[in-house]
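Colleague: I have some questions about the terms you use for this model. Please set each value against its definition.

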Amino acid sequence: MDFVFEILEHSLEDTWTMIPLLLAAYLVIEWFERRPQDDSPMFFALQKYGPLVGALIGLIPQCGFSVLAGMLFVQGNITLGTMIAVFVATSDEAIPILLSHPDLYGSLVLILILKFFIAVLAGYVTDRLFPVKIQRFEDMPEEEEDTEISEDTEVSGACPCCYPDRPMWQSALLRTLKIYAWVFGVTVIFTALVHGIGEDTLGQFLLSGTWFQPVLAAVFGFIPNCAATVVLTELYEFGTLSFGSLFAGLVTNAGLGPLVLIQYHAPKQTILRVFLILLLTGAATGMVLQLL
C-alpha cells in the first residue's frame, strides 16, 4: 500500500500545477466557441483558398472544425485536399495540454508552425493527385445552403469533450477536470511502470529512439478520443516519446472529423484514401523529424 500511496502522491505533485493553466486555456476556447458569428465567410474562404485556409482553421483548438470540414466534403462543397489540410492541422486536446506545461511552449510553437506548412503541402498535393469538382456555394439554392449545412452540423458537431448546454465557466471547468483526470491517470500508470519494470524496459516497449516509433504513434493517433492526444502529449513530456513521434500522432488525430465520413456513408475508397493520406503524412514527417 505504501508503494501505491507513493505513486499517487508523486503523480499529484507532478500534475496539479497544470489545473489553473488548463482552466485558463479552456475559458478562452469556450469564449471563442460560443461567440455569435457568421460562418458563411469561412465557407467561401475554404472554397476559394482551399488548403491554405483549411490549415489555418485546423490550427484553432476547436473540435468542431474537423467535423465541419468532413460535412462540407461529404456535401461536395470543398475538395479532398482542403479537408485533409484541416485534419492534418487539427491537434484536438494537445494544445491546451501543452499550454499547461510552460516548459513545452517552444515545442508548441514549433508544432503549430510545422503543422501549418505540412497541412498546406499535404492538401495541395492531395488535390493535385485526386482532383474533384466541387459545388460552389454561389451556385446552390439559398434554402439548401441554409438548411442542409446547419442541420448536418447540428447532428455531427457535438464534441464528447464539450458541454455546450452548460454556462461557459462550468463547461470550461468540466473540460479541465476531465482532461486533468486523463493526465493524472496517464501519469500514475507511467510512474508505476517506471518503478515496476524500469525506464529502459518501458522505452524499449515504446520503441524509444527507433525510426518505427513515429509509425506506432501515427497509428495510435487515429483513436477518435481525447485520451489519444493526452497520452501522446504526456509521454512526450515524460521524455519517452520523441518530438517526431508526437508530431506523427497529432497529424493523424483529426478529432471526430474522419468519423463524419463513416457516419454519412462516404465511399469506402474515399475513406480508405483519407486514412492512408493521414497515415503516410504523419509517419513520414514524424520519421524525418526524428532523424533530424
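Colleague: What makes the largest nonpolar core a core, and which residues touch the most other members?

Modeller: A nonpolar core is a set of buried Ala, Val, Leu, Ile, Met, Phe, Trp, Tyr and Cys residues joined through side-chain atoms within 4.5 Å. Buried means under 20% relative accessible area, exposed over 50%, partly exposed in between (1.4 Å probe, protein chains only). The largest such set has 54 residues, and Met-83, Ile-84 and Val-274 touch the most other members. Helix α6 (residues 80-89) gives the most to this core: eight residues. Helices are DSSP runs of H or I, at least four residues, numbered from the N terminus. A second, separate core has 12 residues, including Ala-172 and Cys-226.

Colleague: Which residues does Val-274 touch, leaving out those up to four places away in sequence?

Modeller: Contact means heavy atoms within 4.5 Å. By that rule Val-274 touches Leu-80, Met-83, Ile-84, Phe-87 and Leu-261.

Colleague: Why is the pairing of Arg-175 and Glu-30 called a salt bridge?

Modeller: The definition asks for a side-chain nitrogen of Lys or Arg within 4 Å of a carboxyl oxygen of Asp or Glu. Arg-175 and Glu-30 meet at 2.8 Å, N to O, so the pair qualifies. Arg-175 lies in helix α10 and Glu-30 in helix α2, so the pair ties together parts 145 residues apart in sequence. Both residues, Arg-175 and Glu-30, are buried. The whole structure holds one salt bridge.

Colleague: How do you know what to count?

Modeller: The model is predicted: local features need pLDDT of at least 70, side-chain atom pairs 80 or more, while totals for chains, interfaces and linings use all residues. Residues are numbered from 1 along each chain as its sequence is written, and side-chain values use heavy atoms, without hydrogens and water.

Definitions and conventions. Helices (H or I, at least four residues) and strands (E, at least two) are DSSP runs, numbered from the N terminus.
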